[in-house]
Amino acid sequence: MELEPAEGSVVAVEYRAARIFDGFSEQIMEDGAVLVEDGRIVSVGAAREPSTGTGVVDLGDATLLPGLIDAHVHLVWSASAEPHEVVKRETRALTALRCANNAALHLHAGVTTVRDVGATDGLSIDVARAVELRVLPGPRVIAAGRAIAMTGGHGWFLGREADGAEAVRHAVRSELKAGATCIKLMASGGVYGNAEEPGSPQLTVEEMSAGVEEAHKAGRKVAAHAYSVEAIGNALEAGVDSIEHGSFIDRDTARRMRESETYLVPTMSVYRAMSEKGPELGAPEYIRRKTAEVLEASREAFSLALEVGVPIAAGTDCGAPGHPHGTLPGELMLMVEAGASPMQALRFGTSAAADLLGLGDEVGSLEPGKRADLLAVDGDPTGDILALREVRLVVRDGSGVQGKHSQAQLGVGF
Ligand SMILES: [Zn+2]
């Protein structure tokens, strides 16, 4: 796999497809073309006779859409029964190699941007740099570095512990200094730890407010892990930009999120993965028990948020037990099962997620001036969302990665 175009290859490429979904419209365009030059989209419209020097990639009976965005991943984890135990045992070099492999899995699945919301030793920041430097083929990474939890709080092993407003302020400043491009705060317990319950509140309003203030000063967004109404309320009071999971949300809290334009990232697929594969993986009993509680609640939370009009972005929590990287289509499928139209689900996994990540001007839609992040799939995902699994071509920043058709068939020298 090679991301750089071969020497002497054409600079401008026109991608043609039977259907184009631009990431935000209500309808798809038929027989369209996306012209790409120097890594950016130049135009989106009807296919015309291209000018000389423009290469043509005719994808035929395919749908072209923006590269997908997964707003909740953990690249250091590789979907084993107890991924945190694996990371604890192995060397950081090996964990970094896992990260590289996990990043590649996303890219091949058509995910061209991920937000990593908690990485041991801040490894996601290194992955982000490696991708940017083209040392590593992978999606663009918005990295929280180390997640911030209270002492013994949820996911402390994916991050760092901080107690008191000034300690949280210092932790946020330190992560930003290390190169974090978003911040993750743990507002409640979760599913993985033994000595915690998903509903119990953790970081306080005062602690999170100090963290949010520092992140926002630096122009960075804050994601808060929160399950219960009380924890979600604390995070909203502190001014976070997204609630991760949010499975036990109620109608009043959903309305509050709509008013404050705070995103919900429901991560339904992680609960499905853990409940389906947990027993065969030999996941500990406490993980299975808590997963069963949360699975149904997370579907109801998503339906409620959809009904109330809460901003929603797609995220998988992949890397967690039984939930491999590159599985965003499964999350979008669950959204459709829980009441979203395929078009809505596609928006949650493209333009809406880009907005949440603060990348709305750069990615998430097919529009002139945006980065050329494209996904071509067989079939029509606006009819059957699982067509997203039939990846034919992935392009990130104008450089292509093959799907199931070879580069010779595509006629361009990637
Ligand atoms: Zn997570």
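1. Glu14 is buried, its relative accessible area being 8%, where buried stands for under 20% relative accessible area, exposed for over 50% and partly exposed for what lies in between, with a 1.4 Å probe and protein chains only. Glu14 belongs to strand S1, residues 12-20; strands here are DSSP runs of E with at least two residues, helices are runs of H or I with at least four residues, and both are numbered from the N terminus. Setting aside residues up to four places away in sequence, Glu14 touches Ala33, Val34, Leu35, Arg48, Pro50, Thr54, Gly55, Val56 and Val57, a contact being heavy atoms within 4.5 Å.

2. On the basis of these notes: this is a predicted model, in which local features need pLDDT of at least 70 and side-chain atom pairs count only at pLDDT 80 or more, while totals for chains, interfaces and linings use all residues. Residues are numbered from 1 along each chain as its sequence is written, and side-chain values use heavy atoms, with hydrogens and water left out.

3. For the protein as a whole, the secondary structure comes to 13 helices and 17 strands. The radius of gyration is 21 Å, close to the 22 Å that the globule rule gives for 414 residues, so the protein is as compact as a globular protein of that length; the radius is taken over C-alpha atoms, and the rule is 2.2 Å times the number of residues to the power 0.38. Along the principal axes, the C-alpha atoms fill a box of roughly 65 × 45 × 45 Å.

4. Of the 414 residues in the protein, 61% are buried. Among the contacts between residues at least 6 apart in sequence, 69% join residues at least 24 apart.

5. As to charge, the protein carries 38 positive and 59 negative side chains, and the centres of the two sets lie 3 Å apart. In this count Lys and Arg are positive and Asp and Glu negative, with His and the chain ends not counted, and each charge is placed at NZ of Lys, CZ of Arg, CG of Asp or CD of Glu.

6. Asp373 deserves a paragraph of its own. It sits in the loop between helix H12 (351-356) and strand S15 (374-378), and Asp373 is buried, with a relative accessible area of 4%. Its side chain and that of Arg140 are joined by a polar contact of 2.6 Å, that is, a pair of N or O atoms within 3.5 Å of which, within protein, one must be able to donate a hydrogen and the other to accept it, residues adjacent in sequence counting only if both atoms are side-chain atoms. A polar atom of the Asp373 side chain also lies 2.9 Å from the backbone nitrogen of Asp397. Beyond four places in sequence, the contacts of Asp373 include Leu65, Pro66, Gly67, Thr112 and Thr113.

7. Val114, in strand S7 (residues 111-116), is buried with a relative accessible area of 0%. Leaving aside neighbours within four places in sequence, Val114 is in contact with Asp70, Val73, His106, Pro139, Arg140, Val141 and Ile142. Val114 and Arg255, which are 141 residues apart in sequence, are 27 Å apart in space, C-alpha to C-alpha.

8. Glu261 has a positive phi near 55°, is placed in the loop between helix H7 (251-260) and strand S14 (263-265), and is exposed, with a relative accessible area of 61%.

9. Thr327 is found in the loop between helix H9 (285-308) and helix H10 (328-337), and at 21% relative accessibility it counts as partly exposed. A polar atom of the Thr327 side chain lies 2.8 Å from the backbone oxygen of Pro324. Not counting residues up to four places away in sequence, Thr327 touches Thr316 and Cys318.
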